[in-house]
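Subject: Structure handover

Hello,

Here is the structure I said I would pass on. Please open it alongside this message, as the notes below refer to residues by name and number.

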Amino acid sequence: MRLSIIIITYNGLGFLTRCLASLHDFIDDPSCEVIIIDNGSTDGTLDFLHENYPQLQLIANSENRGVAPARNQGIAVAKGEKLLLLDNDTEATTTAINAMSQHLDTHHDVGLCSCRLVDKEGLPQDSCKPYPGLMIKLRNVLGIGNKTKYEPNEEGIIEPLYVIGACQMFPRAIVDKVGMLDDRIFYGPEDADWCIRIKKAGYHIHCLNNHTILHDYRRTTKRRPFSPLGRLHIKALIYFYWKHKRLF
C-alpha cells in the first residue's frame with residue numbers, strides 16, 4: 001500500500017467532516033487507506049463515520065487516550081509505505097499530499113516532511129518550531145510569539161528543529177529506526193520529541209513552503225493553561241524536559 005493517512009478525533013465532528021471531504025481522492029484510491037482513531041467522542045462522530053464512511057478503518061476508544069497513544073494505535077495497524085499524520089481540523093489538498101510523498105521519494109535523507117499550514121483567512125501558521133523551551137512557552141502564554149523564524153531556501157524548503165503534529169509525513173522505515181511516538185505524552189510536545197528523535201537518528205526535517213494545507217488551529221492550552229487539558233500539557237512538558245535534559 002502506498003500511503004496510510006492517520007487522523008485522531010475527539011468531539012470534533014464539524015472539523016472531521018471537512019477534513020474527510022478534502023481527502024476524497026485518497027479515500028477512493030485503493031493504494032491508500034485512511035485510519036480514524038476516535039478518542040471517546042460523544043458528539044455523534046461514530047454514527048457519522050458508520051453512515052458516511054464505512055470503508056474507512058475505525059478504531060473507537062472508550063475514553064480519550066491522548067494524542068501520542070492514539071496516533072500510535074493508527075501507526076501500529078497502518079500498512080502504507082508512507083504514513084501521514086493529520087489533525088482533524090485540517091483540510092488537505094491532493095497536490096500538497098502528493099508533493100510531500102514525492103519529496104520523500106527523492107530525498108532519502110529526510111525522515112519527516114510537512115508543508116505550509118494556513119488558517120481560514122489564508123494567513124500562514126507558525127508551524128516550524130525551535131526547541132520548545134520554557135521561555136518560548138512563556139512567550140506563547142503571554143501572547144508575545146516566537147522570535148525564531150525559519151526562512152525557506154531557494155527551493156522553498158524550510159528545515160526547522162521540528163514541525164507541529166498537525167501534518168507530518170514519514171516513511172514507515174522511520175518507525176523501525178526510532179520507534180513510535182512517546183505515549184507517555186498525553187498532549188503537548190509529542191511532535192517535538194518525535195522530530196528530535198528523528199534528527200538524532202541522522203535524518204532531516206523538511207517543510208515544503210510552496211505547498212499549503214489549511215489548519216483551523218485551536219490553541220486550547222493557550223486560552224486556558226490551567227484547565228485539565230492545560231495541566232496535562234504542563235505535565236508532558238516537565239517529562240519532555242527531563243527526557244531531553246534540556247530546559248531552554
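What follows is a short account of what was found, grouped by region.

Please keep in mind that this is a predicted model.

Strands

With strand E1 (residues 3-9), E4 runs in the parallel sense, and the pairing extends over six bridges. Within E4, lysine 82 is the residue that stands opposite leucine 3. With strand E10 (residues 167-171), E4 pairs in the antiparallel sense over five bridges. There, leucine 85 has glutamine 168 of E10 as its bridge partner.

Helices

Helix H4 spans residues 67-77 and is mostly covered, since nine of its eleven residues are buried. The buried residues of H4 include Val67, Pro69 and Ile75, and also Arg71, Asn72 and Gln73.

Helix H8, residues 190-200, is likewise mostly covered: nine of its eleven residues are buried. Among the buried residues in H8 are Glu190, Asp191, Asp193 and Arg197, along with Trp194, Cys195 and Ile196. Just after H8 comes glycine 202, which takes a positive phi of about 100°.

Helix H5 (residues 94-106) contains serine 101. Is serine 101 buried or exposed? It counts as buried, because its relative accessibility is 7% and the cut-off for buried is under 20%. Leaving aside residues up to four places away in sequence, serine 101 touches Lys82 and Met169.

Nonpolar core

The largest nonpolar core has 69 residues. The members that touch the most other members are Ile5, Ile7, Leu20, Leu23, Ile97 and Met100. Taking leucine 23 from that list, and again not counting residues up to four places away in sequence, its contacts are Ile5, Ile7, Leu86, Ala92 and Ile97. As general background, nonpolar side chains tend to be buried together in soluble globular proteins.

Cysteines

How many disulfides does the count come to? The count is zero. For cysteine 19, the closest cysteine sulfur belongs to cysteine 167 and is 10 Å away, so the two are too far apart for a bond. A disulfide would need the sulfur atoms within 2.5 Å. Cysteine 32 is in no disulfide either; its nearest cysteine sulfur is that of cysteine 19, 14 Å away. Cysteine 19 is buried, with a relative accessible area of 1%. Cysteine 32 is buried too, at a relative accessible area of 7%.

Aromatic rings and charges

The count of aromatic pairs comes to six. Ring pairs join Tyr131, Phe240 and Tyr241 into a cluster. Tyrosine 131 also has a charged neighbour: arginine 246 lies over the face of its ring, at 3.9 Å from the ring centre. A second case of this kind involves tryptophan 242, where the charged end of lysine 245 sits over the ring, 4.7 Å from its centre.

Regards

How values were computed:
Residues are numbered from 1 along each chain as its sequence is written. This is a predicted model: local features need pLDDT of at least 70, side-chain atom pairs count only at pLDDT 80 or more; totals for chains, interfaces and linings use all residues. Side-chain values use heavy atoms; hydrogens and water are left out. Buried means under 20% relative accessible area, exposed over 50%, partly exposed in between (1.4 Å probe, protein chains only). Helices (H or I, at least four residues) and strands (E, at least two) are DSSP runs, numbered from the N terminus. Two strands pair if DSSP finds at least two bridges between them. Contact means heavy atoms within 4.5 Å. Rings of Phe, Tyr and Trp (its six-membered ring) pair if their centres lie within 6.5 Å; planes under 30 degrees apart count as stacked, over 60 as edge-to-face and the rest as tilted. A charge sits over a ring if NZ of Lys or CZ of Arg is within 6 Å of the ring centre and within 35 degrees of the ring normal. A nonpolar core is a set of buried Ala, Val, Leu, Ile, Met, Phe, Trp, Tyr and Cys residues joined through side-chain atoms within 4.5 Å.
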